[in-house]
Amino acid sequence: MDFRSALKHGIAQLRGARIGSDTLAAELLLLHATHRERTYLYSHPEVELTSEEESAYQSLLDRRVSGVPVQHLTGKQEFWGLSFEVTPDVLIPRPETEHLIEVALDRLALRELRAGRPNKNDGAGLLIADIGTGSGCIAIALAKELPQAQIFACDISSEALAVARCNAEKHAVGERVHFIESNLFEGLSLAGARYVLPNEGPAPLFRTPEEPARFDLIVSNPPYIGRREAPSLAREVRDHEPELALYGGEEGYEFYAGLIAQSAERLRPGGILVLELGHDSRDAVQPLLEPPRWANVGVTNDLAGIPRVISAQRA
Ligand SMILES: C[S@@+](CC[C@H](N)C(=O)[O-])C[C@H]1O[C@@H](n2cnc3c(N)ncnc32)[C@H](O)[C@@H]1O
């Protein structure tokens with residue numbers, strides 16, 4: 001079978017099984033099975049696959065038909081123009097989460113403008129926390145955009161943190177992104193900090209064991225799906241992505257109350273909170289960001305017009 005017919009065969013098999021994005025999926029699986037780049041596929045459509053490549057490709061197609069996400073078959077997903085390693089231990093980064101990065105960068109710039117300071121677009125002196133880091137996609141994208149910022153990336157899952165740490169090394173930001181196994185902010189004090197992998201430990205950031213670190217920016221894409229919605233989820237999500245990353249409670253929005261209350265204690269005055277929202281969580285979340293604790297609340301829609309990111313400033 002040559003590349004052209006292999007691609008046609010893959011598309012037909014996936015389409016027959018009603019798998020979404022069949023063309024893209026067949027292409028990604030073919031490239032993965034043959035260790036080729038996309039340009040090769042389209043410049044050498046007549047080249048024959050070896051029998052090993054053919055059987056590797058067929059096995060990937062069969063697994064995709066059985067419900068395994070493409071990203072678990074190829075082990076990677078793009079986010080913010082960067083390639084991230086993904087495993088079943090982490091949420092597959094979603095394109096809508098890129099809005100959270102945009103809002104965080106815009107709000108940092110606006111804060112400097114309002115304070116009459118030059119925009120610190122290298123992040124010098126900024127302390128950032130990412131709560132529920134998963135693959136590390138948010139923390140690492142911010143580290144790339146703000147090359148002087150120090151970032152604490154927490155997750156309750158040590159398995160997720162191991163993946164995130166690999167991604168930080170791959171993108172050469174491992175020195176500035178500190179991974180901590182923590183339930184929300186619990187591990188973010190010198191006394192409670194447990195460094196999962198061999199970080200040196202940013203001791204100067206914690207002046208005393210009792211004094212918790214305070215942040216300029218807190219970001220989070222928390223678990224926000226309701227358990228009651230589980231039956232209607234796509235099976236590749238429900239059966240293959242970590243429950244800890246998906247469900248925020250019976251309704252879905254329950255996680256936000258603790259996250260917002262703890263963030264209020266952990267932000268410096270004027271610090272910024274940026275959270276991703278579930279498709280219907282705005283009405284439950286916005287009332288948690290009221291004065292006098294919070295000011296300048298903003299909501300940003302995603303490309304589908306769904307309120308996707310909520311941000312606020314610690315008054
Ligand atoms: C929706 S995923 C987001 C992953 C990643 N930030 C992203 O945007 O793709 C939520 C993450 O929160 C973590 N998590 C769940 N409960 C937590 C808790 N109580 N404290 C810290 N992290 C938690 C999960 O393990 C998961 O990695």
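Biologist: Which residue in β11 does tryptophan 294 stand opposite?

Modeller: Tryptophan 294 stands opposite arginine 314. Before going on, this is a predicted model, where local features need pLDDT of at least 70, side-chain atom pairs count only at pLDDT 80 or more, and totals for chains, interfaces and linings use all residues. Residues are numbered from 1 along each chain as its sequence is written, and side-chain values use heavy atoms, with hydrogens and water left out.

Biologist: How do β10 and β11 run, and how many bridges join them?

Modeller: They run antiparallel, joined by 6 bridges. Two strands count as paired if DSSP finds at least two bridges between them. The strands are DSSP runs of E with at least two residues, helices are runs of H or I with at least four, and both are numbered from the N terminus. β10 and β11 form a hairpin with 5 residues between them, and glycine 305 in that turn has a positive phi of about 85 degrees.

Biologist: What is the strand order in the open sheet?

Modeller: The order is β5-β4-β3-β6-β9-β11-β10, 7 strands with mixed pairing. β5 (177-181) and β10 (294-301) are at the edges with a single partner strand each, so one side of each has no neighbour in the sheet. On average, neighbouring strands are turned by 15 degrees against each other, direction ignored. Those angles are between axes, lines fitted to C-alpha atoms (for helices, over the stretch in contact), and run from 0 to 180 degrees between N-to-C directions.

Biologist: Which helix packs on β6, β9, β10 and β11?

Modeller: That is α6, residues 98-114, whose direction makes about 155 degrees with that of β9. Contact here means heavy atoms within 4.5 Å. Another helix, α7 (residues 137-145), lies across β3, β4, β5 and β6 and runs at about 175 degrees to β4.

Biologist: Back to β9. What does isoleucine 272 pair with in β11?

Modeller: Its bridge partner there is glutamine 313. β9 and β11 run antiparallel with 5 bridges, whereas β6 and β9 run parallel, also with 5 bridges. Leucine 217 stands opposite isoleucine 272.

Biologist: Is β11 enclosed or open?

Modeller: 8 of the 8 residues of β11 are buried, so the strand is largely enclosed by the rest of the structure. Buried means under 20% relative accessible area, exposed over 50%, and partly exposed in between, with a 1.4 Å probe and protein chains only.

Biologist: And histidine 178, buried or exposed?

Modeller: Buried, with a relative accessible area of 5%. Histidine 178 is found in β5, and its side chain makes a polar contact with the side chain of glutamine 150 at 2.6 Å. A polar contact is a pair of N or O atoms within 3.5 Å; within protein, one must be able to donate a hydrogen and the other to accept it, and residues adjacent in sequence count only if both atoms are side-chain atoms.

Biologist: New topic. Which residues come nearest to the ligand?

Modeller: Of the 19 residues around the ligand, Gly132, Asp155, Asn183, Leu184 and Asn221 come nearest. To be counted, a residue needs a heavy atom within 4 Å. An N or O atom in the side chain of aspartate 155 is 2.6 Å from a ligand oxygen atom. A polar backbone atom of leucine 184 is 2.8 Å from a ligand nitrogen atom.

Biologist: What share of the ligand does the protein bury?

Modeller: The protein buries 95% of the 600 Å² that the ligand exposes when taken alone. Accessible areas come from the Shrake-Rupley method with a 1.4 Å probe; for residues, only the protein chains shown count as cover.
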